[in-house]
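This report describes strand pairing and helix packing in one protein model. Please consult the sequence and the structure shown here.

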Amino acid sequence: MTDRPLTDHLAIALAQLNPTVGAIERNLDLIRGARAEAYARGADLVVCPAMSVTGQPVGQLASKPFFLDAVASLVRDFAEETADGGPGVLVGAPWRIEGRVHNAVLLLDGGRIVTARAKHVLLDGFPFDERHLFAAGPVPGPVNFRGVRLGVLIAEDMSTPDVAEALGECGAEILVVAGGDAVDVDSEDRRINLAVARVGETGLPLLSVNQIGGHDQLVYDGASFVLGADNRLRLQAPAFRDSLLVSRWQAGADEVWVCAEGELAAPPVGLAAMYHALMLGLGDHVRKSGAAGVLVGLTDGVDSALTAALAVDALGSDRVHCVLLPSPGTSRQALEDAREIAELLGCKIDEIPIEPALRATNAMLAPAFAGRDPDRAEDDLRSTLRGAILLALSAKFGALTLSAANRTDMAVGRATLHGDLWGGFAVLKDVYRTTVVALANWRNRHLPEGAHGPAGRVVPERVVTDMSDVEPRPGTTGARILPPADVLDDILRCLIDKDVGLEEIVARDHDPAVVEQVWRTVAEAEGQRRQLPPGVRITSRSFGASVRLPVVNGFATLP
């Protein structure tokens with residue numbers, strides 16, 4: 001292919017895609033479709049997110065030669081298709097360069113792989129663990145695309161001034177970020193703030209493409225954007241859905257490229273962003289795993305009600321099967337509330353009493369329990385029987401069992417080991433109890449875009465306001481009685497999310513003795529938390545990833 005003449009016009013398509021980890025051919029079909037649409041809309045280049053060929057995080061797949069061979073073969077085949085005179089494509093993939101595996105981007109144009117650039121700034125630790133999987137690339141130089149020098153950064157390369165400044169010094173004209181940023185509701189503006197900093201430092205306009213979709217516990221929100229050299233937002237793609245946004249550029253008289261203003265889709269924030277992330281993460285986990293649908297063990301509590309609502313919104317009521325598992329102590333009001341939840345959501349509900357099984361197991365255990373008062377063992381037994389029934393239904397019908405355990409319960413060990421933690425997916429595992437209530441209230445007032453569920457109230461008011469299920473469990477000693485949910489969640493946020501010292505927590509009007517009780521329960525529940533099912537991660541301090549204590553912990557008392 002001969003070099004194209006220099007140009008003062010360029011159209012770059014931002015391909016905001018939802019790949020599936022490991023599904024190389026399927027992902028390339030998504031890219032192929034985006035390229036075809038971009039061609040029809042007059043684009044010169046299609047920019048895809050980081051790891052768009054394989055999805056991310058790929059984990060130990062990146063160390064398997066046969067996986068890397070498949071990536072290389074299929075990408076080369078796809079590169080040949082770009083000989084048709086259509087747009088070039090910038091794709092992300094794990095790629096071998098001089099015998100080392102890199103998180104890389106590849107420019108495909110004119111029927112070949114024109115060049116490759118390796119990520120310079122690697123992430124450490126779960127879930128990406130890039131320092132153990134990939135070699136860091138050198139600080140890159142610009143990529144020459146049809147006479148325009150593009151400064152390509154891969155995801156965290158934008159987190160430091162080093163890479164962008166080096167690209168600017170080497171003559172880059174437009175900064176292009178192949179992004180891969182997962183949702184973190186505690187820092188919603190992180191990407192924009194980093195981009196503003198890089199533009200301010202270099203004086204160059206910046207284009208950033210982020211993927212969307214759920215991948216194991218991570219959720220990506222898209223919201224791709226373009227910033228002008230003046231730091232004005234010129235374009236922004238919708239959040240939480242596929243999008244192909246074509247940016248149209250012209251070189252100015254001062255040799256600074258200017259992007260024409262266009263679509264500005266404001267992303268949701270706060271509770272709306274959180275609900276969309278949970279809905280997308282749950283829906284993609286079910287769809288990409290090939291499950292027929294989901295099972296929800298429905299109670300009269302707000303946790304299971306919100307779990308069911310999220311499932312219906314993500315999948316449709318026909319793929320959500322609610323199961324009511326009453327025991328002898330279940331009240332009539334609880335049964336009526338659970339049935340109303342299913343009716344409001346329009347999903348199937350079956351009632352399977354566990355009394356026969358409970359009677360049989362109590363009789364079986366009576367000799368062994370003789371002489372001992374009822375305590376947590378009997379309470380856990382009910383949860384175990386409920387969990388066993390749900391798993392039997394899951395195996396029979398190919399549906400994924402959803403746990404309704406929330407972050408508060410997991411923090412203090414209130415999620416029962418055999419009732420909540422053996423579900424297939426815990427959509428609320430990163431959501432505190434008070435936020436669960438806030439989300440339920442939000443959903444009753446809003447119908448999220450793209451939701452399959454009904455408009456209006458989906459969680460009965462009595463269920464939202466009833467906090468009876470935060471009472472201490474049977475067998476809880478007086479020293480372990482926990483404070484109300486709002487107080488408990490504030491203490492937990494201080495201890496877990498902010499690593500705040502005791503004096504600062506007490507200064508927030510908390511009783512020191514109560515703070516110590518909460519810390520003790522958190523420390524003692526780590527062994528239980530290690531058995532968590534996967535679930536949606538929406539913060540940077542989720543259990544099992546960033547928050548891990550010793551299982552055997554002698555520091556259970558605060559000084």
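In which sense do strand β1 and strand β14 pair, and over how many bridges? Strand β1 (residues 9-16) and strand β14 (residues 243-251) run antiparallel and are joined over 8 bridges. Within this pair, I12 stands opposite S247 of β14.

The model is predicted: local features need pLDDT of at least 70, side-chain atom pairs count only at pLDDT 80 or more, and totals for chains, interfaces and linings use all residues. Residues are numbered from 1 along each chain as its sequence is written, and side-chain values use heavy atoms, with hydrogens and water left out.

Helices (H or I, at least four residues) and strands (E, at least two) are DSSP runs, numbered from the N terminus. Two strands pair if DSSP finds at least two bridges between them.

An open sheet of 7 strands has the order β5-β4-β3-β2-β1-β14-β15, with mixed pairing. Its edge strands, β5 and β15, each pair on one side only. From one strand to the next, the twist averages 35 degrees.

| Edge strand | Residues |
|---|---|
| β5 | 112-118 |
| β15 | 257-259 |

Helix α2 (residues 65-80) lies across β3, β4 and β5, at about 155 degrees to β3. Angles run from 0 to 180 degrees between N-to-C directions, and axes are lines fitted to C-alpha atoms, for helices over the stretch in contact; contact means heavy atoms within 4.5 Å.

Helix α9 (residues 355-369) packs against helix α10 (residues 376-397) at about 145 degrees, with the axes 11 Å apart. Residues making this contact include L358, L365 and F369 of α9, and L381 and L385 of α10.
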